[in-house]
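I'll jot down what I looked up as I go.

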Amino acid sequence: RANWSRALAIYHDFRDGCATPLHRLRQVVDAMVVEMHAGLALEGGSKLKMLLSYVDNLPTGEENGLFYALDLGGTNFRVLRVQLAGTEGRILQQEYEEVSIPQALMVGSNEELFDFIVAELASFITREGEGFHPLLGRQRELGFTFSFPVKQTSIDSGNLLKWTKGFAIKETEYARIEPQEVQRSFKCCTSTSWNRRALLCHVVGKDVVEELQAAMGRHKLDMRVTALVNDTVGTLAGGRYWNEDVMVAVILGTGSNACYVERADAIPKWRGVLPKSGSTVINMEWGSFWSSHLPRTPVDDTLDADSLNPGDQGFEKLISGMYLGDIVRRILLKMAEEAALFGNTVPSNLFIPFILRTPDVSAMHADESADLKEVTRVLRVVFKTQASLRVRKIVVDVCDTVAGRAARLVAAGVVGILKKIGRDTVGNIDMARLKNNLAGKGRKTVVAMDGGLYEHYPKFRTYLNDTAVELLGKEAAEQVAVELSKDGSGIGAALLAASHSQYS
Ligand code: ADP
Ligand code: MG
């Protein structure tokens, strides 16, 4: 039988460790602002990389013509095309295809990999149907989305800096081990994340646009990569295309990241010619944000220690979809071991890292049935166990604690960005707008959100929005809107290819 008082004690300890009272969140907000300044001041000035995107033309809606995008590094590899028709016609048509990369290519050379990608792209282009028209005498242009930290040197060049979301193999190590072995060491991961991991081995430290463009040359594909785009930046662009008040974009999917529009004269580390618009987009890489004010428990410590990138991506490990499920599993395991939560023997599946996924957490958290049917189902399917109603209730409480902490921290991060750009109080909103040319002219500041965690987890979304209102106060919050802006990594990249076209 469960040792009920011990189980409750463990849960309460954990809950207290996760607590995010308002005063603490305000400290997180301020830490975010301080780190943003430090990261903008000089290279390596903060754990926040504050990477320059070299995007100084956000889409306006006036873009015209046919544009392509290639999305590499998310859950799927995708090719996409859009036919744009200015502010009246907008997006006349769009088409996309998802492609999986054959296992054999992942252990091959860079060239083979990029050749494969370009061959798929070329074949996609041959199927350019009715309604898609390249302008006469012009090259087709493409936006290349890469959802990992890339150090860019211009809008169309950049090198992969490091791995995130659990991607941790070095190229040299990778070459020395057999593919089967690599796969075994990642047995806890899905085949998709394995695909992405292998994919990235090829490109770390290289100019990804150069590699792609060279492969296009080998295939005699007359196409030009005009924009290298982080998925966060794509989301900002995609949101901005429809709404000029979009100033910030946040990805909440497997990983998490944010970007925003910053004044060029607020970026001391900027070298070279300042952008014509006077503003640019900063890719924060906020997954690596850290502050001593962030609530961290022993469970988070062990999750970090067992991860492929210990000590790194601290914020991401508290908030993103890759980790929330495993935090829940770890605390349930502790209660199972120390308080026999699931009976005298611990269900063996509870020991398997990442077996409980964030969608499962979301499903249990949303269970409103009196007897918690969904919780029963997840416990049966995932952990091959069953539990009394009382235990099922505590499982829901754990989900609530983990998701609540994450959502409230995301809200604090967003408010930190708003504070940095002077959009967090009613009074200074107009001043900030005057100084920022890329700033919209409307009344509002819009935060564009994308990613499976935000899109498919209603309770998470509610916590996030409520906390933003708590932090901003009702009046200032009325001038801020958080909106779902889907598929920035695809359409957003094509739009940036358009706004950075060689012909405009
Ligand atoms: P990616 O981040 O890999 O580009 P997505 O933006 O589609 O892809 O996000 C996928 C992630 O979203 C999953 O890894 C998962 O963590 C999270 N997710 C997907 N569905 C749900 C759900 N129903 N509830 C909560 N989180 C979800
Ligand atoms: Mg994505």
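This is a predicted model: local features need pLDDT of at least 70, side-chain atom pairs count only at pLDDT 80 or more; totals for chains, interfaces and linings use all residues.

I started with how H14 passes H15, and the crossing is left-handed (left-handed means the near helix is turned anticlockwise from the far one by less than a right angle, right-handed means clockwise). Residues are numbered from 1 along each chain as its sequence is written, with chains lettered from A and ligands numbered from 1 in the order in which they are written.

Next I checked the angle: H14 (358-365) and H15 (373-383) pack at about 150°, axes 8 Å apart. H14 and H15 are therefore roughly antiparallel (the label for angles over 145 degrees).

Which residues of H14 and H15 meet? I found Asp360, Ala363 and Met364 on the H14 side, and Glu374, Val375, Val378 and Val382 on the H15 side (contact means C-beta atoms, placed from the backbone, within 7 Å). These split into 5 nonpolar, no polar and 2 charged.

Then the sheet. I traced 6 strands in an open, mixed sheet, ordered S1-S11-S10-S9-S12-S13 (strands pair if DSSP finds at least two bridges between them). S1 (51-52) and S13 (480-484) sit at the edges, each pairing on one side only. I also looked at S9 (246-252) and S10 (256-263), which pair antiparallel over 5 bridges. Leu252 stands opposite Ser256 in S10.

Last stop, H21 (488-499): 12 of the 12 residues are buried, so H21 is largely enclosed by the rest of the structure (buried means 20 or more other C-beta atoms within 10 Å of the residue's own, all placed from the backbone). Among them are Gly488, Ile491 and Leu495.

Terms used: Axes are lines fitted to C-alpha atoms, for helices over the stretch in contact, and angles run from 0 to 180 degrees between N-to-C directions. Helices (H or I, at least four residues) and strands (E, at least two) are DSSP runs, numbered from the N terminus. Angles under 35 degrees count as roughly parallel, over 145 as roughly antiparallel, 65 to 115 as roughly perpendicular and the rest as oblique. Two residues are in contact if their C-beta atoms, placed from the backbone, lie within 7 Å. Ala, Val, Leu, Ile, Met, Phe, Trp, Tyr, Cys and Pro count as nonpolar, Asp, Glu, Lys and Arg as charged, and the others, Gly among them, as polar.
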